[in-house]
Amino acid sequence: MTERKPPGVSFESFVDKQIREAAERGEFRNLAGFGKPLDDDNAPYDELWWIKGKMHREGASVLPPSLALRKEAEDAMEAVGRAVSEAQVRRILGEINTRIAAALTRPPAGPPLNLKPFDVDATVARWRSKRDGG
């Protein structure tokens with residue numbers, strides 16, 4: 001819309017005409033959120049709404065290192081449940097145990113870690129029994 005408003009035409013009618021013509025050309029059909037409900041307007045105002053939205057869209061999170069490691073440990077146990085071989089289970093546990101051991105020697109910032117390295121042999125035994133149907 002680089003066209004200038006002609007003299008003698010009210011600004012409102014000029015803008016309305018531009019919008020109507022764009023709608024007729026279908027320029028609003030492929031906009032993000034088209035056909036979706038508007039966000040809740042009763043929610044309290046948050047100055048950081050756009051930062052939080054961008055982080056959510058990009059899957060980013062800001063957790064203290066100790067909580068991030070706890071989350072990694074949970075994810076590792078879920079990965080163990082999906083593992084297809086004992087070698088894969090041992091690799092997953094070895095990687096997370098290395099991170100946990102490092103965090104125990106030099107505690108990360110944030111809440112207490114409340115983790116200890118996983119017992120690899122016991123976890124492998126549980127994985128085998130679940131896999132074998134027991």
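## A pair in helix 1

Glu24 and Arg20 are four residues apart in helix 1 (residues 11-25), so about one helical turn separates them. Helices here are DSSP runs of H or I with at least four residues, strands are runs of E with at least two, and both are numbered from the N terminus. The side chains of Glu24 and Arg20 meet in a salt bridge, with an N to O distance of 3.3 Å; the term stands for a side-chain nitrogen of Lys or Arg within 4 Å of a carboxyl oxygen of Asp or Glu. Glu24 counts as exposed at 54% relative accessibility, whereas Arg20 is partly exposed at 43%. Buried means under 20% relative accessible area, exposed over 50%, and partly exposed in between (1.4 Å probe, protein chains only).

The model is predicted, so local features need pLDDT of at least 70 and side-chain atom pairs count only at pLDDT 80 or more, while totals for chains, interfaces and linings use all residues. Residues are numbered from 1 along each chain as its sequence is written, and side-chain values use heavy atoms, with hydrogens and water left out.

## Overall form

The protein chain has five helices and zero strands, and its elements run α-α-α-α-α from the N terminus on. With a radius of gyration of 28 Å, well over the 14 Å that the globule rule gives for 134 residues, the protein chain is more spread out than a compact globule. This radius is taken over C-alpha atoms, and the rule is 2.2 Å times the number of residues to the power 0.38. Along the principal axes, the C-alpha atoms fill a box of roughly 85 × 35 × 30 Å.

Of the 134 residues of the protein chain, 16% count as buried. The protein chain exposes about 10,800 Å², and carbon and sulfur atoms supply 56% of that area (Shrake-Rupley method with a 1.4 Å probe; for residues, only the protein chains shown count as cover). Among contacts (heavy atoms within 4.5 Å) between residues at least 6 apart in sequence, 56% join residues at least 24 apart.

## The nonpolar core

The largest nonpolar core has 15 residues, and those with the most contacts inside it are Leu69, Val80, Val89, Ile92, Ile96 and Trp127. Helix 3 (65-82), helix 4 and helix 5 are the elements that give two or more residues to this core. Helix 4 gives the most, with six residues. Such a core is a set of buried Ala, Val, Leu, Ile, Met, Phe, Trp, Tyr and Cys residues joined through side-chain atoms within 4.5 Å.

Apart from neighbours within four places in sequence, Ile92 is in contact with Ala76, Ala79 and Val80. Val80 is also one of the residues touched by Thr123, together with Met77, Leu93 and Phe118, when residues up to four places away in sequence are not counted. Thr123 lies in helix 5 and is buried, with a relative accessible area of 3%.

## Other salt bridges

The structure holds eleven salt bridges. Side chains of opposite charge can pair when their charged atoms come close. One of these bridges joins Arg25 and Glu27, with 2.6 Å from N to O. Arg25 is exposed, with a relative accessible area of 52%, and Glu27 is partly exposed, with 46%.

Another bridge joins the side chains of Glu86 and Arg90 at 3.0 Å, N to O. Glu86 and Arg90 are four residues apart in helix 4, so they are separated by about one helical turn. Glu86 is partly exposed at 27% relative accessibility, and Arg90 is partly exposed at 34%. Glu86 and Arg90 are also linked with Asp121 and Arg128 in a network of salt bridges.

## Surface patch and a positive phi

Tyr45, Leu48, Trp49, Trp50 and Ile51 form a nonpolar patch on the surface, with about 620 Å² of accessible area together. Patches are made of residues with over 30% relative accessible area and no salt bridge, with like charges joined within 9 Å and nonpolar side chains (Val, Leu, Ile, Met, Phe, Trp, Tyr) within 5 Å.

Asn114 sits in the loop between helix 4 (86-105) and helix 5 (120-131). The phi of Asn114 is near 55 degrees, a positive value in a residue other than glycine. Most residues other than glycine have a negative phi. Asn114 is exposed, with a relative accessible area of 64%.
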